[in-house]
Structures are given as C-alpha cells and as structure tokens.
Amino acid sequence: MRLTALGFGLIALALAAPATAQQQMTDPDFRPEVARPAYVGDAPVVMIDGAHNNFHTVDGRYAPFAALLRADGLEVRGGTAAFDAGGLDGVDVLVIANAGPIDGGSPFSASEIEAVEAWVRGGGNLLLIADHAPFGVAAADLAMRFGVGMGQGWTFEPADNANGVTSQLVYAGERLGDHAITRGRGADEAVASVTAFTGQSLIAPEGAAVLMRLGPKAWEAATPQDATAVAEAIRTGTSDNPAVHSAAGRAQGLAFTHGEGRVVVLGEAGMLSAQWVRFPDGRADLRFGMNVAPGNARFGLNIVHWLTGLLP
C-alpha cells in the first residue's frame, strides 16, 4: 500500500485533531476464526496490560487480539495492578501493548521493571509491543532490561510512488525469519507475510532471532512531518538531518529466551489490532490491522503458541 493511500492515512491520523482521533475504534466487522484451536480445557492465562497508560487494552483497541486468542482456547484477561504488586500473579503470558509515557518517560517504576525481568527469568513469558513515537520512549527502559534497543521514531521504507516512501511495511520471503513462530505447527500454520503499519525500529540483542527484518534502505524519522527528509535520504543514501537516521537491517520483530522464560518484542502494535477510522471531513474510511492483513492473525497466534511452549 502506498503512502498516498494507507500510509498517508495513518500519518494523518497521528497528526489529527482530537475530534478526528476519537473516530479511531475497533473494526465492528472483524470476527476472528481459528480453524484448529490450540488449547482445550485448562489453558494458559494471557494478561493484556492496562495499568500503564496503555493505548491498547483488552477491552479497547486490543479487543480484536483478545478475541482471537479466546477463539484459540486461551484465557485472556486485562491487567490492572502494578507488576511488583501482584500484577503478574497467575499469569503465563504478559502482553504489554503501547504503554504510554508519563511525564515524557517510562510508565514503569524501576521496581516493576526488575519484577518483570525476574518473572521472565524464572519462566514467565513476555510479549512487549511498542509502536512509533512516543511509545518507544515509554518502553525503552523495560526493553533495555532485556537488551533490546528501540529506535523511538517513525519507520519508513522506499516505495514506487510519487513520494518515494511508504509507512506500510510488508514482510515476506527472506524478510521473515526462519523460526518456529513463522513455521507454526504445520504447513497450514506457516506465516507467508506480515504487515506492519509504520511503527519503530528495534535493535536486537545478541542471540535474538529476527522475525521481521527491515530492508537496507529503511530510515526512521523523529516525527511523521519528517517523511520528506526521509524520502531524500532514501534517494541519496545519506542525510545530515538530525531528525532522521538509518534503520537499515534493524528489526520490527524479535524472539529470544531469557533465563527460563521467552520474550517477543514487536515494534508496531496495529498489526495485531483490527481498527477502523472514520474521518469527519468526508475522507474514505481507513481500516488497518488483522482485518486487512490476514497473515497477521496467524502470526499473532504463533507468537503466543511459542511463548506458551506449544512451539519449540
């Protein structure tokens, strides 16, 4: 999808006035179906965090992801307590999706970060998702506790269009890592492609598997208004603009073990949502997430299958 269509729509949404932003909602037409549910009877507990100024919550913009996991047989609930105050009790998989910054910094206290790290090291499983700015800033300290660096900007790649850039990033072929998450339990669960909708870049720690690899001409901008500077950087291969930096070869999806636990980090959150945006000024409706990229739902299921140990 070109920047002139969905890409520009996503950027316009990010810059829109509050009245427009209020039109961003879950897609009422999205109904997840799982042909071969993985869990029957007692199932792992997945908790979607809602205690850290989260833009995506279990009853909000991540309700479609929660519905997908429930269709797979998982028990899904929302988190309301601090991680160092009982927030991890009885949880098998912790999902943190777009925790929002507080006073320009991390919404997680130092003791919460240590609690999450110790919990994963002891056998807990974490899916940490942090989107384009400002969400990378919010999650940076927690991510770094696991050795993951965050680009903290807006990621773009080249496109064959009038603007020369796109913010919709499609991963297929060699850009998808060869991992249990992409292979699934069989051919019917293999992931052919994953689509991200802007997001930020990730810097992988040593030993991590890259699930989604950015291309050699990927660039990251401090704000979406810097897309023109990114286009120039893509055209020339260099930039002296401090608002942009190269994201070549970085990732938007990582998987690795940490002690006895497992971790997946994603640099884009919309891919596991199903959202619908209506613009009051009469522009065409915009949909993005699992509702327009079917491979994303399979990817999300396989991530949780790996985190729970169903996949090796």
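Start in the middle: the largest nonpolar core has 49 residues, and F65, L127, I129, M212, V264, L266 and F299 touch the most other members. A nonpolar core here is a set of buried Ala, Val, Leu, Ile, Met, Phe, Trp, Tyr and Cys residues joined through side-chain atoms within 4.5 Å, and buried means under 20% relative accessible area with a 1.4 Å probe, protein chains only. Helix α8 (residues 295–307) gives the most to this core, seven residues. Helices (H or I, at least four residues) and strands (E, at least two) are DSSP runs, numbered from the N terminus.

This is a predicted model, where local features need pLDDT of at least 70, side-chain atom pairs count only at pLDDT 80 or more, and totals for chains, interfaces and linings use all residues. Residues are numbered from 1 along each chain as its sequence is written, and side-chain values use heavy atoms, leaving out hydrogens and water.

Now zoom in on L127. Skipping residues up to four places away in sequence, L127 touches F65, L94, V95, I96, V264, L266, I303 and L307, with contact meaning heavy atoms within 4.5 Å. Apart from this core lies another, of 29 residues, including L126, A139, L142 and V210.

A139 and L142 also turn up among the buried residues of helix α5. That helix (residues 135–144) is mostly covered, with seven of its ten residues buried. The cover over those buried residues includes β4 (93–97), α4 (110–121), β5 (125–129) and β6 (149–150).

Elsewhere, three strands make an open antiparallel sheet in the order β1-β17-β18. Strands pair if DSSP finds at least two bridges between them; β17 (residues 274–277) and β18 share four, and A274 stands opposite G289 in β18.

Notes: Buried < 20%, exposed > 50% of the residue type's maximum accessible area, 1.4 Å probe, protein only.
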